[in-house]
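Please look over the model shown here before reading on. The paragraphs below take up its cavities and a pair of packed helices in turn.

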Amino acid sequence: MTRYVYRFGGGVDDGGAQDKNLLGGKGANLDGMAGIGLPVPPGFTISTDMCARYYDDGENFPDSLRDEVAGGIAHIEGLTGKRFGDAGDPLLVSVRSGARVSMPGMMDTVLNLGLNDETVKGLAAASGDERFAWDSYRRFIQMYSDVVLELDHGRFEEALEIAKEDHGYVLDTDLTAADWQALVGEYKTLVLEMWGKPFPQDVHDQLWGAIGAVFGSWQSERAKVYRRLNDIPGSWGTAVNVQAMVFGNMGDTSATGVAFTRDPSTGENAYYGEFLINAQGEDVVAGIRTPQYLTKQAREAAGARPASMEEAMPGVYAQLAAVFETLEKHYRDMQDIEFTVERGKLWMLQTRSGKRTAKAALKIAVDMASEGLISREEAIARVDPMALDQLLHPTLDPDAPRDVLTKGLPASPGAASGKAVFDSDTAERMAGQGEAVILVRVETSPEDIHGMHAAKGILTARGGMTSHAAVVARGMGRPCVSGAGTLSIKGGEGVARVGTREIREGDVITIDGSTGEVMMGEVPTIQPELAGDFGTLMDWADKVRRLKVRTNAETPLDCRTARDFGAEGIGLCRTEHMFFDAARITAVRQMILADSEEGRRAALDRLLPEQRADFVEIFEVMAGLPCTIRLLDPPLHEFLPHEDAEFAEVAQAAGLDVETLRRRAAELHEFNPMLGHRGCRLGVTYPEIYEMQARAIFEAACEVAEKSGAAPVPEVMIPLVATKRELELMKAVVDKAAQAVFAERGRTIDYLVGTMIELPRAALRAGEIAEAGAFFSFGTNDLTQTTLGVSRDDAGRFLTTYVEKGIYARDPFVSIDVEGVGELIALAAERGRATRPEIKLGICGEHGGDPASIAFCEQTGLDYVSASPYRVPIARLAAAQAALKVR
């Protein structure tokens, strides 16, 4: 019989291997902490295998699981001396999710389970604290009603706020035992009204309802969105952790908190966290109360008055600091920890590798390698390549004027400007229309995940440095300012107020997640400096990677940016982008609309010096490096005039009448231009176009070589080749132009002629095409389109559904479809090398900056990848990680 329940605590270690795939991250780490002797409340984990079976069986549980869960409850009862459902001294449990990777706030939790109208009296008697007991019961009803019964959470919050107003209270902690008891009555009435049935009193019904809700939350919309954004397979499932409750809300000697062993924003080797006295865990994470600092140093740096935990509870804090050291050495990574202090005793509720910003990830990885805690290779593997994107974009100019409205907590670093919006749906809609938006909320919840992803930054009035908004924003790389307490937000009215000033929906604001400042208007930015830990890790990565990293660039600025980021040449220079320049588009159109070779050559003669100047600027930046230049590729209709004034301008330049030009334009119309007269087909029918481009390339290369003494290495790429003969014809044109230029200039330079493999036929016939081509560059954008029969421009309407339904593991235009497109690439590489062993192989589509695709390129043995300039560092790190995996 398959086992689904694994116990931990009290010397029992059923999940001894601590397999995160089976127990989930939380369950494995609870088991791990118990195994090294840390104070962990006893409990048990229902495995991820059960999650898969739960859905396979129509969201039902097998009878065998009920027996296993009963055994798990008995294990907890035996260690705590309490009985589940006992009216005299009841055992209460928490029920939490735990996927194999951390998904903060995305799935459900229920605390204080086991309370009912009878056990609440027993809890009051056993604890000697009636207020604590009724507070715990109202929390349970509120949470259970939200998570399990799916009732409107806002109705319960409203009832609580009304109760506080009626008594003139400000804080939840002001309410007395009688107040909480009265509120429990109101909550039960709300449940009856909204659910149609009384609140469940049977503790076993409560438990199974909570277990089902946690498994059910794996398929919630917010969890699906988070998985899609973070490439987490839906098949993984979640585990469920059932654990004895310990209470941080039992008076002034009790507390709860969240802490990191290092600063998750900066990576500094200093404890970072928050706690609340007389509170439960959700009070800290949900931002219901603004928490206090963990350390005296952090409190003083923030100018805060309430005592830190180090000052208020020095003995327990010392124990906690020792636990931090133990956990970081045991797991060899920065840890994110949840803890509770119950009447002076410390309990550890969770540890996991902490979410961190890119800056922090770099510093932590480099520092830990320098400390000898991990190796350099492990440091390389620790940093998510895609997270580097956070570091590669501008920050606020420190010298720019700022109209500061208010200041909150610097919850996630970076800066962003955008239009203020007050709900996530609006944020997503406006971002979809190309607007930059800042999501402004009283506090965020997991339901805001889509709006947070769409926004450039997040601003909240409540919550601390470990609130939902802060943790999720750091994981996404979004700037965030939380706990801006002077901000009064009326989301329904679309307005936020600070004193006499207002922020209305649509007003542009700027937030600085590094300082906590909130400003009216847009503040100018400056480019980042990439040195220090970034430079160190990149040096380590460059020493272990095999793949070369080039860039896709066709302007001097892009080339310089890419070189600064470590690019080792150009993998794709799209020459057609140069033709759209306003100063030369008329000559381009004249060339296209000419009905004779003589007319085309006249226009091309005017374009030659312009094209040559383009290449001179690029080659000067890339002197001594390989530069793959793709000859004209797009269909001619993209360059054609549309407006009357444009036709008149071309007619005047060409000496023709407008009607003749319109007739010629109509002749060039295509029904499916993507598969029409483009690429090498243009060169075959109009070889003079490729002749001009080749001449411009070689004249520019010779000129730069004469000036600098460091010649570039042009790699002339013929696009859209399907047959060997096409490449032979175009190579002859290029070679003829090269020899003519070399004869005129009295010097030669090394160059290659190759092709872009972007058609399935070319991949299949790569062996014979390699007889004519010295290199293959896989154009994975078009190869994906032609292999899958899917238009990239139109696929957005259905690809998300395809990914959700498991038809594709990921969007094939983001990450290479390894089974289809990948097999063609591997086949072409094998056949090309069989013909020409020294053939150079690379990819130049958008996949060149995708870590998963780069890993595929390493496994396939390609020579280089090419990415957009800002993705070059991402590609360098991903290439190093890929090399380490195949060692």
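Helices (H or I, at least four residues) and strands (E, at least two) are DSSP runs, numbered from the N terminus. The model is predicted, so that local features need pLDDT of at least 70 and side-chain atom pairs count only at pLDDT 80 or more, while totals for chains, interfaces and linings use all residues. Residues are numbered from 1 along each chain as its sequence is written, and side-chain values use heavy atoms, with hydrogens and water left out.

Helix 5 (residues 130-147) gives the most to the lining of the second largest cavity, with 4 residues; a cavity is a set of points, on a 1 Å grid over the protein atoms alone, where a 1.4 Å probe fits but cannot get out, and lining residues have an atom within 4 Å of a point. Of the 10 residues that line this cavity, D135, R139, D172, T173 and R289 are the closest to its centre. The lining divides into 1 nonpolar, 2 polar and 7 charged residues, where Ala, Val, Leu, Ile, Met, Phe, Trp, Tyr, Cys and Pro count as nonpolar, Asp, Glu, Lys and Arg as charged, and the others, Gly among them, as polar.

For the largest cavity, the lining divides instead into 5 nonpolar, 7 polar and 1 charged, and strand 6 (93-99) and strand 8 (238-244) each supply at least two of its residues.

Turning to the helices, M50, C51, Y54 and Y55 in helix 2 meet G212, F215 and G216 in helix 8, contact meaning heavy atoms within 4.5 Å. The residues of this contact divide into 5 nonpolar, 2 polar and no charged.

Definitions and conventions: 1 Å grid on protein atoms, 1.4 Å probe; cavity = no way out; pocket = protein on both sides within 12 Å on 5 of 7 lines; lining within 4 Å.
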